[in-house]
Amino acid sequence: MSSTNRTLSSTPRTTPNSAFSCAWCGRTVSADDGARRHHCPSCLRSQHVLDPADGGASDCRGRMSPIAVAVRRPGGWVVIHRCVRCDELTSNPTRTDDNQLILMRLAVRPLAQPPFPLEAFGDL
């Protein structure tokens, strides 16, 4: 069964011109530039509908929570999501309308909550 036959209103769209309603914040999300969107620009959450290992649809349908951001070599950011059901990680490129406050909170989290005391750098 293809992913277009199983599309739910709360799942990210499977066609570039369709919209979805975010299951977490309720925002209706549509593509302004025709590009495929994999997460809500308001809360940055998504649903586990794609399987990055085989490139097809995923049967998990778990909630994907944003846990970090990463910088690609060309300079673009990607949001790293973790599925709360199966713990699979995915990455999705950020878009200009993504919530900048949440993106920055994800980016500075390692500095705000380091795994070791930062005072150790003062002795170097």
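Me: Is strand S5 (residues 77–83) mostly enclosed or mostly open, and how many of its residues are buried?
Reply: Keep in mind that this is a predicted model. A residue counts as buried when its relative accessible area is under 20%. Strand S5 is largely enclosed by the rest of the structure, because the buried ones among its seven residues number five.

Me: Which residue of S5 stands opposite Val-69?
Reply: Start with the pairing: S4 (residues 63–71) and S5 run antiparallel, joined by seven bridges. Within that pair, the one facing Val-69 is Val-79.

Me: Which residue takes a positive phi in the hairpin of S5 and S6?
Reply: Let's look at the hairpin of S4 and S5 too: it has five residues between the strands, and Gly-75 there has a positive phi near 115°. The hairpin of S5 and S6 also has five residues between the strands. There, the residue with a positive phi, near 65°, is Asp-87.

Me: Is Leu-118 buried, partly exposed or exposed?
Reply: Leu-118 sits in the segment after helix H1 (100–112). Together with Phe-116 and Phe-121, Leu-118 forms a nonpolar surface patch with about 300 Å² of accessible area. Buried means under 20% and exposed means over 50%. Leu-118 has 40% relative accessibility, so it counts as partly exposed.

Methods
Residues numbered from 1 in each chain as written. Predicted model: local features only at pLDDT ≥ 70, side-chain atom pairs only at ≥ 80, totals over all residues. Heavy atoms only, no water. Patch = residues over 30% accessible without salt bridge, like charges linked within 9 Å, V, L, I, M, F, W, Y side chains within 5 Å. Areas by Shrake-Rupley, 256 points an atom, 1.4 Å probe, with all protein chains shown as cover. Salt bridge = Lys/Arg side-chain N within 4 Å of Asp/Glu carboxyl O. Helix = DSSP H or I, 4+ residues; strand = E, 2+ residues; numbered from the N terminus. Buried < 20%, exposed > 50% of the residue type's maximum accessible area, 1.4 Å probe, protein only. Pairing = 2+ DSSP bridges.
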